[in-house]
Each structure stands twice: as structure tokens, then as C-alpha cells.
Amino acid sequence: LESAEGQAVLGRILNAYTRRNPDVGYCQSMNFIVAVLLLFMDETKAFWMLACIVEDILPKDFYSPNMLGVHADLRVFDSLLHRDLRSVAAHLDAMDVKPGSFATKWLLTLYVTALPFETLLRVWDVFFVDGSKTLFRVGLAILKLGERQLRAVRDPLEAQEVVLSLPSRCYDCDQLLKVAFGIRKMSVHVKDLRDNYQEEVAIEFATPRELPSSPYSFVISPSPSP
């Protein structure tokens, strides 16, 4: 994909998707997802897989310009974190490390830029079978596996660095998924939380004090750069 032809294929898929779904357009994180898809399938199949991910698996407005779905899912993740990993949540709160500062990138790229590649592929296998709640399970598992490192840190900046580094250490994909599926059932709970937070975020977006368009340093634009 580093070749001129690879970049051209990537650009064609992203441009085609902006035409298929102009309400979503292009989010910078999509290029990471398409790049992985192209390692295993041709251009046409990668396009339709992207469409399936955005339109069928992820919640509505996940990649829309205002990223309402991501804002809502960050609140879902925070709620699950406080429910299932209370000691980790309390420590992160004490360090003033918010999920938006690390989990946004995880969610938007479906962990492409965070996890080792073999682990990523195993996570994606589960994602395609079990749906988008997999993203929460994996995020919680990463924090649970890194709890000892996190709790040893007392400086907020260092805590931020540690939490960002945790996914890159998850080389044992079996261990990660075992921990992820050891977390209690969340299907119904996630649906209820999403419904509540999507409504909450939509109301906030409708007020004059609008939320920032991106909760992380991702650039949102109507079409991919050439």
C-alpha cells in the first residue's frame, strides 16, 4: 500500500464511499481500516466491507462530521469502565485521565493503530461476529491487563503515556480475548447506554454550546486528500 498504485486504490475506495454516503463523507481513521482490508481482499470487496462496517456494524453517526456516535460511545465506555473496572476507573479519575484522551483513537480506528497486527486480526474476527460491543470488551481488557502498571503511576502525564502504551504490549491475543470475554454480559446494557447517551449528546449538539467536532486529534473533512 506504500506504492503509488496502493495509494491510488486506497484513495479510490475512500472517494467512492464519500459518494455512496455523503452524510458521513470521509473520516481520517477510515484509511487505516481500508488499508487493513486491502491486505486480504480486492478493491471492490474492500469497498463493500467498509460500507458494512460503517453502515451495519458500528452505531449510527460513528463517522459523521459531528461524530455523535463516537461521543456517545466514549460515554458508554466510561460507564462500563466504572461498572466493571472500578479500581482502574478510580485511579484514572484521580489522575484526571479521561477515556476521550485514549479510547477515541482505539474506537475510530478499530484498534488498527493500537494493537499488534496478529492481535488486531483476532479482535477483528470477533468484531465481525459479535458486533461493535467487542470494541468495549477489548478496551476494558487492555486496561485490566495493564492495571498494575497504571496503579504504579502517580503523575497524570505519566499515566497518560502508560495507558496509551498498553495496547502495543498485547501480543498474547488469547489472553486478551480471554480477559475480554471474562467481563460480564453487556449486550443489553450497551444498547440501553447507547440509546441514553446518543439522546444526551444529540441534545448537547443542538444547544449553542456545541461539542467539538472531534473528541481527539483526528481531522474530519468531506473528502479524502489526494
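Student: In what order do the elements of the protein chain run from the N terminus on?

Tutor: From the N terminus on, the order is α-β-α-α-α-α-α-α-α-α-α-α-α-β, which amounts to twelve helices and two strands. Here helices (H or I, at least four residues) and strands (E, at least two) are DSSP runs, numbered from the N terminus. This is a predicted model, in which local features need pLDDT of at least 70 and side-chain atom pairs count only at pLDDT 80 or more, while totals for chains, interfaces and linings use all residues. Residues are numbered from 1 along each chain as its sequence is written, and side-chain values use heavy atoms, with hydrogens and water left out.

Student: What share of the 226 residues is buried, and what is the accessible surface of the protein chain?

Tutor: Buried means under 20% relative accessible area, exposed means over 50%, and partly exposed lies in between (1.4 Å probe, protein chains only). Buried residues make up 50% of the 226 residues in the protein chain. The accessible surface comes to about 11100 Å², and 53% of that surface belongs to carbon and sulfur atoms; such areas come from the Shrake-Rupley method with a 1.4 Å probe, and for residues only the protein chains shown count as cover.

Student: Which residues make the nonpolar surface patch?

Tutor: Patches are made of residues with over 30% relative accessible area and no salt bridge, like charges being joined within 9 Å and nonpolar side chains (Val, Leu, Ile, Met, Phe, Trp, Tyr) within 5 Å. In this model Leu39, Phe40 and Phe117 make a nonpolar patch of about 330 Å². Phenylalanine 40 is placed in the loop between α2 (30-37) and α3 (43-57), and its relative accessible area of 52% means that phenylalanine 40 is exposed.

Student: How should I read contacts, and which residues does serine 79 touch?

Tutor: Contact means heavy atoms within 4.5 Å. Among contacts between residues at least 6 apart in sequence, 77% join residues at least 24 apart. Serine 79, found in helix α4 (residues 68-84), touches Leu193 and Tyr197 when residues up to four places away in sequence are not counted. The C-alpha atoms of serine 79 and valine 190 are separated by 9.6 Å, although these residues are 111 residues apart along the chain.

Student: Is leucine 177 buried or exposed, and which residues is it in contact with?

Tutor: Leucine 177, in helix α11 (residues 173-180), counts as buried because its relative accessibility is 10%. Leaving aside neighbours within four places in sequence, leucine 177 is in contact with Arg122, Val123 and Val126.

Student: At what angle do α4 and α5 pack?

Tutor: Axes are lines fitted to C-alpha atoms, for helices over the stretch in contact, and angles run from 0 to 180 degrees between N-to-C directions. Helices α4 and α5 (residues 86-94) pack at about 120 degrees, with their axes 5 Å apart. Angles under 35 degrees count as roughly parallel, over 145 as roughly antiparallel, 65 to 115 as roughly perpendicular and the rest as oblique, and α4 and α5 are therefore oblique to each other. Where they meet, Leu81, His82, Arg83 and Asp84 in α4 face Arg86, Val88, Ala89, Leu92 and Asp93 in α5 across the contact.

Student: How many salt bridges are found, and with which residue does arginine 75 form one?

Tutor: Side chains of opposite charge can pair when their charged atoms come close. A salt bridge is a side-chain nitrogen of Lys or Arg within 4 Å of a carboxyl oxygen of Asp or Glu, and a search of the whole structure finds eleven. One of them joins arginine 75 to glutamate 200, with the closest N and O atoms 2.5 Å apart; this pair links helix α4 to helix α12 (residues 187-206), across 125 residues. Arginine 75 also forms a salt bridge with glutamate 204, at 2.9 Å between the closest N and O atoms. Glutamate 200 is partly exposed at 35% relative accessible area, whereas glutamate 204 counts as buried at 19%.

Student: What is the phi of aspartate 61?

Tutor: Most residues other than glycine have a negative phi. Aspartate 61 has a positive phi of about 70 degrees although it is not a glycine, and aspartate 61 lies in the loop between α3 and α4.
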